[in-house]
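Hi,

Here is the structure I promised to pass on.

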Amino acid sequence: MRLENKVAVITGAASGFGEGMARRFAQEGARVVVADLNAKGAERVAGEIGDAAIWTQTDVSLRSEFDEMVYAAKSAFGRIDIMVNNAGYTHRNGDMLNIDEETFDLITAVNMKAIYHAALAVVPIMDRQGGGVILTTASTAGLRPRPGLTWYNASKGWAITATKSMAVELAPKNIRVNCLCPVAGETAMLEKFMGADTPEMREKFRASIPLGRLSTPLDIANAALWLASDEAAFITGVALEVDGGRCI
C-alpha cells in the first residue's frame, strides 16, 4: 500500500492515462479525486473505484474551477498530498501553419497554464502540510520533437522546463516536482497524434519504438505511482521517459 493515507488529485482522469493513474493509486491505498471536463466519465471512474474516490467536473484552463476542485478534495478528504496535472490537448498531426489560433490557445491553456493554476492552488496547502508531490504528464514530444505536432511539442517542452524550475524552487518546502514523458499510447488523443488512425499509421508509430508497442495506461500509471510514492523521496526535477526506448 504505497500510497496509504495519501490524497491524490488527478486531472484528465475520466479516461486514458489519468483513469489508469486513478485506479492504480486507489489500489495502493490513496483516496482519489477524479477530475475531468467530462463529468459523465469522471463519475463513472469514481463510482467504479468506490468509497476511496470522488469526482469533479473541472475545466483546468480556469483558475476558479481549480479552486472548486481543491475545495471538493479538502472537504471530502481533508488534505492534498499529490497533484497530478494529467489533462492534455493536442492539434491534429499536420502543417504547423494550418493550426488555427483557437486551437493554439486551447493547447497552451490546458498543457501549460493549467500547471500554473495547479501550483497556485495546491502549493500553499502542501507547504502547510509539510510537503507534497506535483506530477505532470508531459511527453516524449517535449524531448524529441518531430514534424507535424509542432505546437503540441512546444507546450510539452514548456511543461518539462516548468517542472525542473518548480522542483528547485519548491525543494525547501519539501514539495517534489516531476513529470512523465510517455510515448504515444492507447488514449483518445492517439488519432490526432497520428493524423489518421489506420493500421499503416499504427505500424509506423510502433516501428519507432524499440520495445515494439505503444504505451498503455498501466505503463504510465505504474511510473506515476513510483514517483508519487515515498520510494522516490529523493527524486525531484526528473522528466521520466516511459517510452519503450523511443527517445534513445
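In α4, Phe104, Ile107, Asn111, Met112, Ile115, Ala119 and Val123 meet Trp151, Tyr152, Ser155, Lys156, Trp158, Ala159, Met166 and Leu170 of α5, where contact means heavy atoms within 4.5 Å. Sorted by class, that contact has twelve nonpolar, two polar and one charged residues. (Ala, Val, Leu, Ile, Met, Phe, Trp, Tyr, Cys and Pro count as nonpolar, Asp, Glu, Lys and Arg as charged, and the others, Gly among them, as polar.) The helix and strand names come from DSSP runs (H or I of at least four residues for helices, E of at least two for strands), numbered from the N terminus.

Before you read on: this is a predicted model, with local features needing pLDDT of at least 70 and side-chain atom pairs counted only at pLDDT 80 or more, while totals for chains, interfaces and linings use all residues. Residues are numbered from 1 along each chain as its sequence is written, and side-chain values use heavy atoms, with hydrogens and water left out.

Back to the helices. The axes of α4 and α5 are 9 Å apart and the angle between them is about 15°; axes are lines fitted to C-alpha atoms, for helices over the stretch in contact, and angles run from 0 to 180 degrees between N-to-C directions. α4 and α5 are therefore roughly parallel to each other (angles under 35 degrees count as roughly parallel, over 145 as roughly antiparallel, 65 to 115 as roughly perpendicular and the rest as oblique).

From α3, Arg63, Phe66, Asp67, Val70 and Lys74 take part, and they meet Ala114, His117, Ala118, Leu120, Ala121, Val122 and Ile125 in α4. The contact of α3 with α4 has eight nonpolar, one polar and three charged residues.

Then there is the pair α1 (residues 16-27) and α2 (residues 39-49), whose axes come within 10 Å and cross at roughly 20°. α1 and α2 are therefore roughly parallel to each other, and α1 passes α2 in a right-handed crossing. Glu19, Ala22, Arg23 and Ala26 of α1 make the contact with Arg44, Val45, Glu48 and Ile49 of α2.

Everything was done on a 1 Å grid over the protein atoms alone: a cavity is a set of points where a 1.4 Å probe fits but cannot get out, a pocket is an open set with protein on both sides within 12 Å along at least five of seven lines, and lining residues have an atom within 4 Å of a point. Grid points are joined across faces, edges and corners, and a volume is the space filled by probe spheres set on the points.

How many cavities of 30 Å³ or more are there? The count comes to one, and the largest cavity has a volume of about 60 Å³. Its lining is Thr11, Val60, Phe66, Asn85, Ala87, Val110, Asn111, Ala114, Ile115, Thr136, Thr137 and Lys156. α4 (101-129) and β5 (132-137) are the elements that give two or more residues to this lining, and α4 has the largest share, with four residues. The cavity lining divides into six nonpolar, five polar and one charged.

The largest pocket holds about 1,200 Å³ of space. Of its 47 lining residues, Tyr89, Tyr152, Thr187, Met189 and Phe193 lie nearest its centre. Elements giving two or more residues to that lining are α1, α4, α5 (150-170), α6 (190-194) and α7 (199-207). By class, the lining has 24 nonpolar, 15 polar and eight charged residues.

The second largest pocket has a volume of about 210 Å³. It is lined by 15 residues, with Lys6, Gly131, Gly132, Val133 and Asp230 nearest its centre, and the classes are four nonpolar, six polar and five charged.

Cheers

Methods. Left-handed = near helix turned anticlockwise from the far one by under 90°.
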